[in-house]
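Work through the exercises below with the coordinates open. Try each task before reading its solution.

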Amino acid sequence: MIRSHVLICGGTGCNSSGSAHLETALEKELAAKGIQDEIKIVKTGCFGLCALGPVMIVYPEGTFYSRVQVNDIPEIVEEHLLKGRIVDRLVYNDAAEGETHATSLNDTAFYKKQKRVALRNCGVINPEIIDEYIAVDGYQALGKCLTELSREDVINILKESGLRGRGGGGFPTAMKWQFAYNQTADQKYVVCNADEGDPGAFMDRSILEGDPHALIEAMAIAGYVIGANQGYVYVRAEYPIAVKRLQIAINQARDYGLLGKDIFGTGFDFDMDIRLGAGAFVCGEETALLTSIEGHRGEPRVRPPFPAVKGLFDKPTIINNVETYANIPQIILKGADWFASMGTEKSKGTKVFALGGKIENTGLVEIPMGTTLREIVYEIGGGIPNGKKFKAAQTGGPSGGCIPASLIDTPVDYDSLIAIGSMMGSGGLIVMDEDNCMVDIAKFFLEFTVDESCGKCTPCRVGTRRMLEILEKITDGRGEDGDIEKLEELALTIKATSLCGLGQTAPNPVLSTLRYFRDEYEAHIYEKRCPAGQCKKLARYIIDADKCKGCSLCAKKCPVGAITGEIKSPFTIDQDKCIKCGACIESCKFNAIYKK
Amino acid sequence: MKSLAELAAIRERMKDKVVLREGVAGTRVVVGMATCGISAGARPVLNTFVEEVNNEGLADTVTVTQTGCIGICQYEPVVEIFEAGKDKVTYVKMTPDKVKRVVAEHLKKGNIVSEYTIGNAQ
């Protein structure tokens with residue numbers, strides 16, 4: 001009889017920090033102690049605290065262990081699993097809790113403010129066992145829809161819940177379904193956009209890895225509502241664990257008859273397949289994604305007609321994001337009112353964010369809409385490491401914008417973010433501190449869009465490249481008067497004339513950094529100076545004459561002979577010759593060289 | 001799957017198997033599992049508790065867990081039962097047979113088996 005469950009995170013983050021080895025080590029140790037029949041090892045999806053991986057939870061106590069290594073396993077087995085004594089040194093030390101650290105994950109500041117709806121089963125069930133999903137009310141919502149609710153009822157529930165698309169645009173989900181429902185056609189399709197492309201965002205991957213059946217259930221519900229019997233999940237091939245678990249889940253659902261013919265004896269047929277994307281960012285744009293499923297090069301089409309009217313193989317199609325689908329079974333079971341009770345007036349429910357950048361708790365968090373950025377960064381995220389100051393947060397990836405420190409009390413919801421020139425996007429949230437150069441950040445995102453532009457329309461193909469060239473000029477110290485104005489003009493033109501969402505949003509990082517950090521652009525252009533000290537070509541290496549002993553070591557290390565001086569008296573660096581390689585700083589034994 | 005009843009059956013069968021992960025439930029049964037407890041036979045006591053609690057369908061209200069040495073080694077195996085709003089009950093010199101009675105009478109019906117408690121042992 002099982003008396004304890006040990007949950008080991010099997011998400012991509014913890015896998016790469018070695019969680020698979022923990023499982024084998026644990027199995028071996030349990031067998032050595034003869035308690036393998038009392039303790040169950042459960043490989044789950046992501047818990048969210050990826051920076052602390054590999055993570056492990058022991059139930060029934062709910063003890064949360066972080067950064068567990070293979071050689072910690074004997075101690076955990078001997079002390080905790082055999083004798084019931086928690087191994088204190090491995091318990092996650094919650095910075096915000098101070099000395100009285102919580103042993104249970106649910107009591108940590110990281111979890112307390114969270115509300116897990118889309119992620120509710122991630123880190124709780126074994127995603128490769130359909131019975132575990134069924135145990136936590138899985139497929140009940142599909143059963144309810146097929147046997148109790150009419151197709152119109154389901155649309156009404158979604159409408160009342162206020163659910164909006166979680167992939168970035170925030171379009172009301174019920175409306176999308178209504179459009180496809182209204183069409184008459186011999187064939188319709190349900191598509192899931194799992195081509196998560198924003199740098200830093202990985203919530204869709206985590207749901208696929210941690211709770212794949214939630215997606216299958218929701219897509220079957222969508223099929224019932226719009227009258228489709230075939231679904232496709234378009235997922236990037238770079239997500240091998242997600243693809244594998246989703247395939248296992250689809251096979252299990254088929255074995256149980258939860259996919260296939262005559263589901264629950266109601267006469268409703270639905271099946272689904274996976275389509276792998278090759279990692280082009282543009283394929284996250286819905287029309288390009290559909291084109292790619294059809295077997296063509298992933299290029300966007302002109303809208304209208306919208307996919308709900310003429311989508312996959314020219315048939316009416318709904319296409320929703322993974323996180324959007326993951327909310328739907330819960331809404332059906334718990335009701336529209338329950339869902340609408342969370343969030344703000346126009347943004348209902350919760351949103352998952354991938355916290356990254358200069359923040360203590362990097363990982364995945366799910367919070368009610370309307371939570372302020374301050375709460376996310378300081379309470380859930382644990383603040384900025386090394387006592388640095390918060391400068392800005394970037395949301396929405398290459399399509400979004402930044403939120404400066406002055407707006408840190410902005411509630412995070414669709415409309416508030418748009419009002420301040422950013423966007424929700426798919427939920428990447430990158431925190432930046434005083435060492436980040438905002439011009440450099442804008443350049444980083446533009447490099448990404450230039451790489452990823454499919455080239456079909458001119459504004460995006462040529463326009464973004466011209467913008468990038470100007471940004472490179474500015475960060476190289478060759479910026480000139482008028483560059484900012486040129487950037488703005490190009491940005492507005494590209495936004496207005498690009499074919500698809502990729503181009504229409506590509507200038508956003510530039511526009512929003514210009515809006516809040518124009519002074520940094522000006523410092524680069526007019527003073528040839530990078531205030532954050534990030535832009536290498538604008539950096540100046542200087543020898544402090546008071547500290548320099550005149551040992552000549554730096555002069556010997558300098559690859560271009562830019563450093564000269566008399567032995568035993570201070571040396572100097574010729575700024576015209578200096579290539580800013582930093583070799584001198586590393587060589588100096590007296591900390592006499594600094595970067596400005 | 002041809003009916004909702006099939007789904008419900010799987011759910012019922014599986015529910016007890018995942019309930020452990022919902023965290024500590026209302027009533028806690030704590031078995032002393034230090035070296036002294038183990039050598040006095042705490043392991044079969046612990047395992048019998050887990051089995052009986054599951055067999056009696058109490059898994060969603062009772063959590064069985066271990067702890068270290070309570071300090072009364074001569075009375076091991078020691079089991080303490082904590083219920084919200086009630087004084088804790090300490091059972092001593094437990095055996096698997098005694099466990100069955102404690103589960104049936106104390107955990108199920110709410111009647112303390114006073115002959116096994118520490119008060120009677122002293």
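## Exercises on a predicted model

The model is predicted. Keep that in mind throughout.

**Exercise 1. Find which residues of H19(A) are buried, and what they pack against.**

Solution. 
- Start with the length. H19(A) runs over residues 483-497, which is 15 residues. At 1.5 Å a residue the helix should span 21 Å, and its end C-alpha atoms are 21 Å apart, so the two agree.
- List the buried residues. They are A:Leu487, A:Ala491 and A:Ile494.
- Look down the axis. The buried residues of H19(A) fall within an arc of 70°, so they line one face of the helix.
- Identify the partners. The buried residues of H19(A) pack against helix H18 (458-475), helix H20 (501-505) and helix H21 (508-526) of chain A.

**Exercise 2. Repeat the analysis for helix H2 of chain A: which residues are buried, and which are exposed?**

Solution. 
- Collect the buried set. It holds A:Ser19, A:Leu22, A:Ala25, A:Leu26, A:Glu29 and A:Leu30.
- Name the packing partners in chain A. They are E1, helix H1 (12-16), strand E2 (39-44), strand E3 (56-59) and helix H3 (73-82).
- Step past the helix end. A:Gly34 follows H2(A) and has a positive phi, near 70°.

**Exercise 3. Decide whether A:Pro559 is buried or exposed.**

Solution. 
- A:Pro559 lies in the loop between helix H22 (553-557) and strand E16 (563-564) of chain A.
- Count neighbours. A:Pro559 has 9 other C-beta atoms within 10 Å. The cut-off for exposed is 12 or fewer. A:Pro559 is therefore exposed.
- List its contacts beyond four places in sequence. They are A:Cys581 and A:Ala583.
- A:Met272 is 287 residues from A:Pro559 in sequence, and their C-alpha atoms are 60 Å apart.

**Exercise 4. Compare the radius of gyration of chain A with that of a compact globule.**

Solution. 
- Apply the rule. A compact globule of 596 residues would have a radius of gyration near 25 Å; chain A has 27 Å, which agrees.
- Along its principal axes the C-alpha trace of chain A spans about 90 × 65 × 40 Å.
- Buried residues account for 54% of the 596 residues in chain A.
- Count elements. Chain A has 23 helices and 18 strands.
- Locate two domains. Domain 4 (438-526) and domain 5 (540-595) are among those assigned to chain A. Their C-alpha centres lie 36 Å apart.

**Exercise 5. Describe the side of chain A that touches chain B: which element gives the largest share?**

Solution. 
- Count residues. 31 residues of chain A are in contact with 28 residues of chain B.
- Assign them to elements. Strand E1 (4-9), helix H5 (130-135) and helix H6 (140-147) of chain A each supply at least two residues of this side.
- H5(A) gives the largest, four residues.
- Sort by type. This side of chain A divides into 15 nonpolar, nine polar and seven charged residues.

Terms used:
Residues numbered from 1 in each chain as written. Chains lettered and ligands numbered in written order. Predicted model: local features only at pLDDT ≥ 70, side-chain atom pairs only at ≥ 80, totals over all residues. Expected span 1.5 Å × (residues − 1). Buried ≥ 20, exposed ≤ 12 C-beta atoms within 10 Å, placed from the backbone. Arc of directions from axis to C-beta. Contact = placed C-beta atoms within 7 Å. Rg over C-alpha atoms; globule rule 2.2 N^0.38 Å. Domains from an automatic or database assignment. Nonpolar A, V, L, I, M, F, W, Y, C, P; charged D, E, K, R; others polar.
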